[in-house]
Amino acid sequence: MVAACTDLSQKLHRCIGLADACELLAATFCFPTPELANALVDGSYASDCTGCFADMGASRETLDSLASELEPFKEREVQELLDALKKGNSILYLAPGLDVPVWPYESPFHTMRLDPTAKPSLFRTQIALDIEALMRDAGVAYEYARTDPIDSIWNEFSYLSFLYGSLAQAIQENNTDQATEWQKHIDIFTQKHVANWFSDFMAASIEQATKHSYGIEYKTFARIGALLTQELLKNS
């Protein structure tokens with residue numbers, strides 16, 4: 001009985017860690033805000049990040065590595081960092097036209113990976129429609145489908161945060177049926193979408209962040225995203 005309770009507690013903490021980490025990465029890859037820059041400079045981002053991975057059961061070596069990656073941000077000035085993040089985000093992910101170093105939307109990213117000469121679509125793609133259907137099945141209505149592609153890296157992280165948060169609540173309430181249902185939603189989304197591009201997106205971000213005058217901060221963010229992606233794939 002003690003072992004079963006311990007296992008349940010570990011699973012709950014892991015789900016909470018995954019939910020919080022996905023929420024953190026969603027905010028990280030969205031267009032930068034003053035809140036993000038402030039959190040990076042005052043150290044609260046690093047504290048939240050290592051806390052999330054600790055809840056997931058990460059090793060001390062991994063936690064120390066994350067803290068080391070984020071330590072240099074504390075030496076920056078908030079407005080300078082915010083300006084750099086905005087320029088970097090725009091250069092890497094929002095370049096005008098089709099010459100985008102790293103597409104932050106699953107469908108264009110997947111299309112260009114298969115055929116670099118293709119002209120990708122942003123809205124109402126098969127991938128976007130599938131995500132919309134999966135969200136609807138989970139009781140989530142996406143309000144901005146006409147103005148912001150649903151398959152952005154930040155939207156997908158946000159959705160994963162909702163799923164893991166819902167699973168954590170079901171575990172906390174000892175609702176086995178609900179927990180099984182939320183795990184099913186997690187498994188489907190992870191296998192169809194996370195596995196389709198998260199690792200490659202993070203690898204491409206790391207590669208491209210070293211090639212431009214702005215955007216090196218996203219090398220750190222993508223390394224964190226790569227670690228989180230490994231945990232997401234392990235959990236499904």
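This is a predicted model: local features need pLDDT of at least 70, side-chain atom pairs count only at pLDDT 80 or more; totals for chains, interfaces and linings use all residues.
1. Ground rules. Local features need pLDDT of at least 70 and side-chain atom pairs count only at pLDDT 80 or more, while totals for chains, interfaces and linings use all residues. Numbering starts from 1 along each chain as its sequence is written, and side-chain values use heavy atoms, with hydrogens and water left out.

2. Aromatic pairs. Searching the whole structure turns up 17 of them. The criterion is ring centres within 6.5 Å for Phe, Tyr and Trp (its six-membered ring), with planes under 30 degrees apart called stacked, over 60 edge-to-face and the rest tilted. One is Phe162 with Trp182, edge-to-face at 5.5 Å centre to centre and 90° between the planes. This pair links distant parts of the chain, 20 residues apart: Phe162 sits in helix H8 (residues 153-172) and Trp182 in helix H9 (residues 176-209). Helices here are DSSP runs (H or I, at least four residues), numbered from the N terminus. Phe162 is partly exposed at 34% relative accessibility, whereas Trp182 is buried at 13%. Buried means under 20% relative accessible area, exposed over 50% and partly exposed in between (1.4 Å probe, protein chains only).

3. Helix H7. Its twelve residues (126-137) reach 16 Å from first C-alpha to last, close to the 16 Å expected, that expectation being 1.5 Å times one less than the number of residues. Ile127, Ala128, Asp130, Ile131, Leu134 and Met135 are buried in H7. They lie on the same side because they cover an arc of only 160° around the axis, taken from the directions from the helix axis to the C-beta atoms. Gln126, Arg136 and Asp137 are exposed on the other side of H7. The cover over its buried residues includes helix H6 (106-114), H8 and H9. Just after H7, Gly139 has a positive phi of about 85°.

4. The core. The largest nonpolar core holds 72 residues, and Phe29, Tyr45, Phe157, Leu228 and Leu232 have the most contacts inside it. Such a core is a set of buried Ala, Val, Leu, Ile, Met, Phe, Trp, Tyr and Cys residues joined through side-chain atoms within 4.5 Å. Beyond its neighbours within four places in sequence, Leu228 is in contact (heavy atoms within 4.5 Å) with residues including Leu18, Phe53, Met56 and Phe157.

How values were computed
Helices (H or I, at least four residues) and strands (E, at least two) are DSSP runs, numbered from the N terminus.
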